[in-house]
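Visitor: Hi, I'm new to this one. Could you put it up and walk me through a few spots?

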Amino acid sequence: MRENIVAEMKTYVSEDKGNVCEELQSPYYEEPIIQFAAGNDPLFEEYKRVVGPDHATPQEAFERSFGMGSFDGGTVISVVLPISETIRKANRAQKDRASREWALLRTFGDEYFVQSARRHLAGYLTGLGYRAVAPLDTDWYSIYGATGGPISNWSERHIAYAAGLGTFSINDGFITEKGIAIRLLSVVTDLKVPPDARASSVTGHTGNCLLCSKGICGVCITRCPVQAISKEGGHDKIACMKFVYGQASRDFAVLNGGEAKSGAGCGLCQTKVPCESRNPMRTAR
């Protein structure tokens with residue numbers, strides 16, 4: 001079943017027209033990586049402390065849709081969508097704001113295709129006779145009053161970490177084998193699939209970040225146009241959020257064919273950095 005799910009998602013990303021930006025003659029995303037976490041992994045309970053008390057466990061996310069007591073174990077499927085070379089290349093040249101290509105990604109890649117892919121995966125599993133839900137499509141929200149910045153009740157990065165897909169970076173991004181310039185999605189299902197191992201159990205939760213692991217690099221710090229990343233303080237979520245979702249970003253998105261609600265994003269700390277499209281620790285060891 002694992003192989004069938006992986007093949008289905010790779011085919012969907014490769015063939016679905018929603019993943020193609022005709023204007024750029026490029027897909028938004030390249031071939032995905034798909035891995036699995038056990039629905040009862042103790043790490044999910046730990047996230048209530050690490051992320052926030054409102055962060056849902058897979059059981060809680062599942063039972064929101066199917067009722068109390070409906071979850072008797074299962075699997076969380078996490079998918080990495082690497083951003084295409086065309087879009088990453090355009091953003092490398094930027095110094096003060098996202099590229100036009102990145103702005104289009106924010107609306108049509110992030111808002112539309114990623115949502116579509118989540119629903120496709122859940123629907124595929126349902127068609128096989130299993131119950132499945134994409135938590136971000138049910139009761140997702142962010143808590144904006146938190147001291148350190150917004151806290152999600154279902155963090156796709158933390159789900160990907162549980163599935164062994166990578167580790168965190170100094171900029172709060174998530175570094176996978178396909179790098180940090182990615183998008184993530186996940187689905188909870190009562191289908192039981194053997195979980196993938198977490199290499200981070202050896203390397204630590206920031207093991208793929210050159211700065212955190214070896215004290216070298218820090219390119220993302222110099223790339224940030226609003227100085228929201230520092231070696232000492234890590235990632236300033238509030239400063240970042242104001243820039244990424246502020247009025248200027250919304251106006252730039254609309255000007256370039258996107259939608260105001262999405263903003264233009266930024267992504268400068270995810271491009272023109274050593275971890276852009278690979279795990280930099282593979283060559284640093």
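Guide: The axes of helix α4 (residues 85-92) and helix α5 (residues 100-127) come within 7 Å and cross at roughly 130°. This is a predicted model, where local features need pLDDT of at least 70, side-chain atom pairs count only at pLDDT 80 or more, and totals for chains, interfaces and linings use all residues. Residues are numbered from 1 along each chain as its sequence is written, and side-chain values use heavy atoms, with hydrogens and water left out.

Visitor: Which residues make the contact?

Guide: From α4 they are I87, A90 and N91, and from α5 they are E101, W102 and L105. Contact means heavy atoms within 4.5 Å. The set divides into four nonpolar, one polar and one charged.

Visitor: New topic: R118. Where is R118 found?

Guide: In helix α5.

Visitor: Buried or exposed?

Guide: R118 is buried, because its relative accessible area is 7%. Buried means under 20%, exposed over 50%, and partly exposed in between, with a 1.4 Å probe and protein chains only.

Visitor: And what is R118 in contact with?

Guide: Leaving aside neighbours within four places in sequence, R118 touches A134, L136, D137, E156, L185, S186 and V187.

Visitor: How do α10 and α11 pack?

Guide: Helix α10 (residues 237-245) and helix α11 (residues 247-255) pack at about 35°, with axes 4 Å apart. F243, V244 and Y245 of α10 meet Q247, S249 and R250 of α11.

Notes:
Axes are lines fitted to C-alpha atoms, for helices over the stretch in contact, and angles run from 0 to 180 degrees between N-to-C directions. Helices (H or I, at least four residues) and strands (E, at least two) are DSSP runs, numbered from the N terminus. Ala, Val, Leu, Ile, Met, Phe, Trp, Tyr, Cys and Pro count as nonpolar, Asp, Glu, Lys and Arg as charged, and the others, Gly among them, as polar.
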